Amino acid sequence: MGTIIHPKNGEDWASSFERARAELARAKRARNASFVLLLLFALGISFWAGEVRTSTLLEGIPNFFNYINDIAPELRHDHLLTDLGEWYWNLGHWLILLVDTVLIAFLGTFLGTVAAFLLSFPASRNLSPNGTVHFASRRLLEFARAVPELVYALVFVFSFGIGPLPGVLALAVHTTGALGKLFSEANENASLDTVEGVRSVGADWFQTMRFAVVPQVLPNFLSYSLLRFEINVRAASVIGFVGAGGIGQELMFVIRQFVYSDISALVLLIILTVVLMDISCERLRHRLIGREALL
Amino acid sequence: MLSIKNLHKRYGAATAVNGVTVDIPEGQMVGIIGRSGAGKSTLLRLINRLTDASEGGIVCCGEEVTALSGRALRGWRARCAMIFQQFNLVSRLSVVANVLIGRIAYRSTLPTLFNFFSLEERAMAVRALERLDMAANALKRADALSGGQQQRVAIARALVQEPRLVLADEPIASLDPHNAARVMDALRTINREEGITVLTNLHQVGTAKSYCDRILGMAHGRIVFDGPPEALTLTRVQEIYGAGGEDEEVRQALGLPGQSRPEAAGGACLASA
Ligand SMILES: Nc1ncnc2c1ncn2[C@@H]1O[C@H](COP(=O)(O)OP(=O)(O)OP(=O)(O)O)[C@@H](O)[C@H]1O
Ligand SMILES: [Mg+2]
């Protein structure tokens, strides 16, 4: 990459360098300008296609606050405890559902991580044992992540019935695709000198992956999986909408029944849980980074 | 022991190794010298089969090395240990784990994947480290060691492979003179004490002359010199390295007086860098 500087007749290196630099800067400015134009164009199209109109927006804003007002609980400061108790009248049940949700996310993340781990090695461009295996594992991962969790959940609810199992499977499949891509990119960046060193002692493909690549990428893998767990806790509370278990199923139920104060109670619980998971995973990830692999 | 016949390696239009034919008897310590791009690394990689030859053959102890595949190929690689300029250890693993990697070709895949090695194998690894004065560091992480120490770990890994042949690709090019001497001493020791054949690429003529029984000079993928260190005269070195190859190091190695015009030597140095 980069231009080679050719001094013109009688020109010294410093001035021919300046000339080349100015040319490069001009080309860069032109590129940036066309990029900005493209961005503006894309934004314009999206506003139009998404029917984002100021009138609709302005008319909708009062509705938004009305709904918030409807679902807000009635809390009087002289009866705060009883009001809170009434608002969270079903707290025990909801907490169990929340734990369910986190467990669905955990199991889905775990299964997805294992599958992504196994597929990431053949899916790595420079490590794959042969072309066919590489092609197949790549396409498999692409398909797994192209379909949203919610769609998988729908399909699995149809096949396995309502409950947490389709939720776990939906998260696992999507996670396999999403993590598989990140994992295989980490593999591709692993040092090939090390790979060659292990290959030179007579290691087979599995042993080469195990000893040359895994130690290099494992900390990254752990960090990515924790990040995915955070995402999956959020996703797990949504996929319940289509009957795939957890707190989402309950939320969908109360929304359908117009049990207004329950809606706000559940949404608040979900937000709290997600924030809590985010913070603890974040902490854990920072501790893991830079820690040596215990292998 | 090792017999190479008419070996070629082509990369597109370029030919890295161009008809190498050479016989190496058991127990010899052979140094390969030649300028950058002469094909030295490629030759060693062809012998270990890290790359496949375009033409020609390698036979070792009656075995057609160039025809091996699968399990037999991995067995061959285990018996012809390789040492690299950049050490190529697994930096996040411990020293002893790196040495044990030298055993994995002798084990079935599954137990090794779970890092199961026998007590004897661990003892073997520690004894190999001990021979290289590295046993105390067995539980350190490989990247916590200096370059010279890492190269000695690499030699220990080669030792537990119980090889008949060790291929070293510029093993001392990244080391300071003190560490370089320790590594070369270690290679000569395993050559003398175990009778392991050693084939090593070297940057410096002096090192090749003082450590090796036999020197091969390569230029443009061909062997242009093959003889004992004493036969390596200034003319021969010039044939290997081309004109201007005789820098200060070479003159010293050949026991010649230094250049009369030091600025000329400096100029040659800059141009060749
Ligand atoms: N993988 C490759 N693809 C294309 N060309 C290659 C490849 N490996 C080596 N070559 C070419 O083959 C020739 C010989 O390379 P080789 O690495 O064997 O030289 P060398 O003698 O070891 O040099 P050095 O002293 O710099 O290590 C060089 O011209 C190099 O560019
Ligand atoms: Mg080389």
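**Exercise 1. List the residues around ligand 1, then work out which element and which classes they come from.**

Step 1: Look for residues with a heavy atom within 4 Å of the ligand. In this predicted model, they are Tyr11(B), Ala16(B), Arg35(B), Ser36(B), Gly37(B), Ala38(B), Gly39(B), Lys40(B), Ser41(B), Thr42(B) and Glu170(B).

Step 2: Now see where they sit. Helix 1 of chain B (residues 40-48) supplies the largest share of this shell, three residues. Helices here are DSSP runs (H or I, at least four residues) and strands likewise (E, at least two), numbered from the N terminus.

Step 3: Sort by class. The shell has three nonpolar, five polar and three charged residues. Ala, Val, Leu, Ile, Met, Phe, Trp, Tyr, Cys and Pro count as nonpolar; Asp, Glu, Lys and Arg as charged; the others, Gly among them, as polar.

A word on the ground rules: residues are numbered from 1 along each chain as its sequence is written, with chains lettered from A and ligands numbered from 1 in the order written. Local features need pLDDT of at least 70 and side-chain atom pairs pLDDT 80 or more, while totals for chains, interfaces and linings use all residues; side-chain values use heavy atoms, leaving out hydrogens and water.

**Exercise 2. Describe how chain A meets chain B.**

Step 1: Count contacts (heavy atoms within 4.5 Å). You get 22 residues of chain A against 29 of chain B.

Step 2: Take the buried area, meaning the accessible area (1.4 Å probe) lost on being put together, summed over both parts. It is about 2300 Å², with 56% from carbon and sulfur atoms. In chain A, Ser200(A), Val201(A) and Phe211(A) lose the most, together 28% of what that side buries.

Step 3: Check for salt bridges (a side-chain nitrogen of Lys or Arg within 4 Å of a carboxyl oxygen of Asp or Glu). There's one across this interface: Glu196(A) pairs with Arg45(B), the closest N and O atoms being 2.6 Å apart.

Notes. Buried area is the accessible area (1.4 Å probe) that two parts lose on being put together, summed over both.
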